[in-house]
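Q: Here is a model to go through label by label. For each term, please set the value against its cut-off and conclude.

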Amino acid sequence: MRKLLGMAVVFAVALSSCKKDEVKVCELNQSNLLGTYKPSALKYKASPSSPEEDLYLLLEACEKDDLVVLNSNNTFNYVDGGTQCVPAGDGTGSWTLSGNTFNIYGQITTVSSFTCSELIFTAPGPIPGSIRTATWVRQ
């Protein structure tokens, strides 16, 4: 009986010492948002009930390798990376984050998902009721 109880104690100690996989929590804030991103998806819906269109497919190859660098002073650099577009698409501007409202390129967007490695945000489209969704992947 003692042997069985001893094995149970050893088993319980072994189980309690095992580390569980930690889930990385990534709070949406200015500090966590800083960094370099590569746009990886661009979707459009003409209305909430219409099918989603993949606008990323329509981009030129030279636009698909560009980078956006969010700086700590609320400026950003748009870098025409890899294959250069003619003319080059480099640029700068400002950005802000307030709650889940992300303002960049003068466009007010809503962050729908942020995992520290991926940023997804939406904005109204050009037609009332339409919506654009962009996905950026951290580099």
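A: Start with burial: buried means under 20% relative accessible area, exposed over 50%, and partly exposed in between (1.4 Å probe, protein chains only). C62 is buried, and C85 is too. The model is predicted: local features need pLDDT of at least 70, side-chain atom pairs count only at pLDDT 80 or more, and totals for chains, interfaces and linings use all residues. Residues are numbered from 1 along each chain as its sequence is written, and side-chain values use heavy atoms, with hydrogens and water left out.

Q: What makes C62 and C85 a disulfide?
A: The cut-off is a pair of cysteine sulfur atoms within 2.5 Å. The sulfur atoms of C62 and C85 are 2.1 Å apart, so the pair qualifies.

Q: How many disulfides does a search of the whole structure find?
A: The search finds two. C26 is joined to C116, S to S 1.5 Å. That value also falls within 2.5 Å, so this pair is a disulfide as well.

Q: What is the handedness of the disulfide of C26 and C116?
A: The torsion about the S-S bond is about 65°, so this disulfide is right-handed. The pair links distant parts of the chain, 90 residues apart. C26 sits in the loop between α1 (2-17) and α2 (30-33), C116 in the loop between β7 (107-114) and β8 (118-124). Both cysteines are buried.

Q: Which pattern do the disulfides of the protein chain follow?
A: Count the bonded cysteines along the chain: the pattern is 1-4, 2-3.

Q: How many helices and strands are there in the protein chain?
A: Two helices and nine strands. They are DSSP runs, numbered from the N terminus: H or I, at least four residues, for helices; E, at least two, for strands. Along the sequence the order is α-α-β-β-β-β-β-β-β-β-β.

Q: How do you know that β3 and β4 pair, and in which sense?
A: Pairing takes at least two bridges found by DSSP. β3 (residues 67-70) and β4 have four bridges, so they pair, in the antiparallel sense. V69 stands opposite N77 in β4. The two strands form a hairpin with four residues between them. N74, in the turn, has a positive phi of about 65°.

Q: Which sense does the pairing of β4 and β5 have?
A: Antiparallel, over four bridges, with β5 covering residues 91-98. T75 stands opposite S94 in β5.

Q: Along β4, which side chains are buried?
A: β4 spans residues 75-79 and its side chains alternate. F76 and Y78 point to one face and are buried.

Q: Why is S50 called buried?
A: Its relative accessible area is 16%, under the 20% limit, so S50 is buried. S50 lies in the loop between β1 (35-45) and β2 (53-54). A polar atom of the S50 side chain lies 3.1 Å from the backbone nitrogen of A46.

Q: What share of the protein chain do buried residues make up?
A: Of 139 residues, 27% are buried.

Methods. Polar contact = N/O pair within 3.5 Å; in protein donor to acceptor, adjacent residues only side chain to side chain.
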